[in-house]
Amino acid sequence: MANIAVARIKREFKEVVKSEEVAKCHIKVELVDDSFTSLRGEILGPPDTPYEGGTFILDIRIPETYPFNPPKVQFLTKIWHPNISSVTGAICLDILKDQWAAAMTLRTVLLSLQALLAAPEPDDPQDAVVARQYKETSDIFSQTARHWASNYASAPHREPVMDDKVAQLKNMGFDEHKARVALSTHNWDIEQAMENILS
Amino acid sequence: MFEEDSENEVEDEDEEEEEEEDDFVDMGMDAEASGTHPKHDEEDFPFQVLTADEIVKHMVDCIKEVNTVVQIPATITRILLTHFKWDKEKLMECYFTEDQDKLFSDAHVVSPFRKSFTPAAAAQAASSSEIMCEICFLMIPPTELTGLECGHRFCWQCWREYLTTKIIDEGMGQTISCAAHGCDILVDDQTVMYLVTDPKVKLKYQQLITNSFVECNRLLRWCPRPDCGHVVKAQYYDCKPVKCKCTHIFCFACGENWHDPALCRLLRRWIKKCDDDSETSNWIAANTKECPKCHATIEKDGGCNHMVCKRCKLDFCWVCLGDWEPHGSSWYNCNRFDEEGAKKARDAQEKSRHALQRYLFYCNRYMNHMQSLKFENKLYASVRVKMEEMQHHNMSWIEVQFLKKAVDVLCQCRQTLMYTYVFAFYLHRNNQSIIFEENQKDLENATEQLSEYLERDITSDMLVDIKQKVQDKYRYCESRRKVLLDHVHEGYEKELWEYQDGN
């Protein structure tokens with residue numbers, strides 16, 4: 001990897017480790033191996049959001065041309081959010097694309113992602129199903145997002161009704177994650193969700 | 001100006017002569033190349049063909065010209081000119097009549113008159129011995145940091161990498177801004193040339209700037225032929241044929257092959273129509289119906305008119321698209337033709353079916369001529385063989401030239417005919433359009449006959465006879481082509497043509 005990229009990442013590590021957000025356990029970055037090309041990020045779900053208290057793991061890949069091109073970031077933790085694919089974890093965020101600037105850092109990226117969790121942009125969606133739910137039935141969206149966060153990101157607030165519905169389908173022999181996706185997609189209507197899994 | 005033009009005409013003539021000897025085979029689509037196109041067009045429309053170097057010179061001249069008036073650094077002038085799409089007059093007008101600070105900020109440059117401005121970073125630079133470059137995060141002596149007038153400073157190495165990435169990977173030229181987040185101040189040419197050391201990157205940057213210069217300028221157009229690299233410079237913008245040094249003939253206004261009699265805008269619409277899959281949706285509209293309830297698309301491939309939608313289980317009548325129930329048990333008849341909603345659905349169906357057929361009619365003929373035109377490439381080769389053969393049969397070189405001339409005319413006629421179908425597709429029917437169609441038919445017949453003559457084997461005993469016939473025919477074709485084009489042009493002038501919308 002180019003010298004600038006390695007030197008930058010090394011120094012950025014120090015910056016993130018020293019920053020006050022780390023002190024408050026809000027964000028974290030770790031090396032996956034010694035190559036500095038593949039990193040693990042972690043952000044805490046921001047307060048007063050369905051993601052509150054959850055820990056979200058990110059896969060961060062540093063391109064050869066970093067910092068002149070943005071890092072490639074993806075959610076490894078499954079998440080229900082209009083700008084993040086519920087299937088792949090791909091993120092739709094301007095600073096990770098054309099609005100990237102060389103003076104931005106991993107710290108600013110992680111903080112921006114945290115801000116994105118707090119303020120979704122449904123008009124520029126990555127996951128159309130989630131975005132529609134966010135716009136049309138925001139209550140169901142919040143509950144669904146909280147349910148996902150409690151199950152996948154160990155967030156403390158559970159959604160018992162939804163947990164029950166997933167358990168119901170699971171007991172019928174369906175895969176838990178598939179059942180959750182189908183229920184979430186069909187606004188928690190058990191019959192529609194089952195029809196969807198079976199078709 | 002005048003001198004340059006007259007020079008150019010001389011050059012053009014030279015080239016035409018050369019061509020008749022050399023470029024015998026590969027003329028295909030450039031049927032007009034042999035110089036038989038109505039001469040008045042070229043005289044009416046003076047143009048020059050410039051090389052890449054001449055374009056750069058032209059660009060520098062433009063900048064100098066503005067600079068003699070506005071007197072600001074040349075690199076800023078270039079950015080301002082780009083901002084105004086190289087419209088010098090507009091730049092000067094705004095410069096002297098409007099708020100200059102606003103002008104500079106709209107063009108994303110720092111005003112050269114704001115001398116008192118001291119960037120925060122620069123102030124910091126003076127106070128501390130080493131400061132951190134915000135890109136590589138290394139501590140760097142202030143003398144090794146550099147930046148634009150906006151005051152954001154980074155180290156040389158980072159600037160170089162940043163510019164290289166933008167230029168090579170992203171193909172950006174005149175739109176590269178300062179590397180700081182949210183700063184929209186544009187990087188000027190001098191800075192790029194100063195910071196970038198790799199000659200390849202420099203060259204690419206120059207090409208990008210030249211390209212934006214040509215693309216923005218209404219009086220310049222790149223020759224659209226792949227790898228040509230010449231630019232045609234005209235004195236005014238018009239839909240006229242221009243011939244590049246590489247012999248390619250194209251329309252100055254739109255860059256497509258010369259497309260008389262069709263207008264640029266209609267040709268553009270036509271090409272888009274042929275390219276995109278709007279015809280797929282037309283086919284769907286013409287051959288399928290939608291379920292009146294769930295709007296599933298249904299193609300009926302057999303059976304009776306009692307339809308049961310597979311998706312929503314609705315029973316309906318294929319003929320009238322109404323509910324099936326009132327049809328009772330009469331499975332093969334529908335007597336409910338006059339119902340309002342069903343009638344509308346049927347009318348729409350009918351209309352799109354007709355539109356599809358009409359499009360296919362014109363498209364087939366257009367494609368057919370285009371295809372034939374490609375085949376005429378081969379004809380050039382076979383005609384050359386014939387010409388050599390004839391020279392063995394006591395005919396002189398000059399006597400057999402009529403064959404090549406005939407293929408030239410054939411190609412011209414095919415190209416014109418091809419575009420007559422684009423013209424006709426958008427034409428609304430009136431008396432003049434009937435005359436046009438007659439002309440088109442006549443030219444098409446004559447062209448096909450000429451084509452047939454040229455395909456035929458020529459034996460020595462019928463040589464004199466065939467020569468007479470071919471010559472008569474191509475002269476006839478030429479005159480019919482002229483009649484057709486003159487009629488269309490006259491129609492443009494007198495506004496006789498009415499166009500169909502919505503195609």
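The report below takes the interface and then the pocket.

This is a predicted model.

**Interface**

The contact between the chains involves 15 residues of chain A and 16 residues of chain B. The size of an interface is often given as the accessible area lost when the parts come together. Here chain A and chain B bury about 1,300 Å² between them. Carbon and sulfur atoms account for 71% of that area. On the chain A side, three residues stand out: A:Ile4, A:Arg11 and A:Phe68 supply 43% of the area that chain A buries against chain B.

Two residue pairs are in polar contact, both at pLDDT 80 or more. The side of chain A that touches chain B has seven nonpolar, four polar and four charged residues.

**Second largest pocket**

This pocket has a volume of about 580 Å³. Its lining has 30 residues. The closest to the pocket centre are A:Asp98, B:Met172, B:Thr175, B:Ser177 and B:Cys183. Two elements of chain B give two or more residues to the lining: α4 (74-83) and α8 (156-169). The largest share, four residues, comes from α4(B).

The table sets out the lining by class.

| Class in the lining of the second largest pocket | Number |
|---|---|
| Nonpolar | 14 residues |
| Polar | 10 residues |

Notes. Residues numbered from 1 in each chain as written. Chains lettered and ligands numbered in written order. Predicted model: local features only at pLDDT ≥ 70, side-chain atom pairs only at ≥ 80, totals over all residues. Heavy atoms only, no water. Contact = heavy atoms within 4.5 Å. Buried area = accessible area lost by both parts, 1.4 Å probe. Polar contact = N/O pair within 3.5 Å; in protein donor to acceptor, adjacent residues only side chain to side chain. Nonpolar A, V, L, I, M, F, W, Y, C, P; charged D, E, K, R; others polar. 1 Å grid on protein atoms, 1.4 Å probe; cavity = no way out; pocket = protein on both sides within 12 Å on 5 of 7 lines; lining within 4 Å. Points joined across faces, edges and corners; volume = space filled by probe spheres on them.
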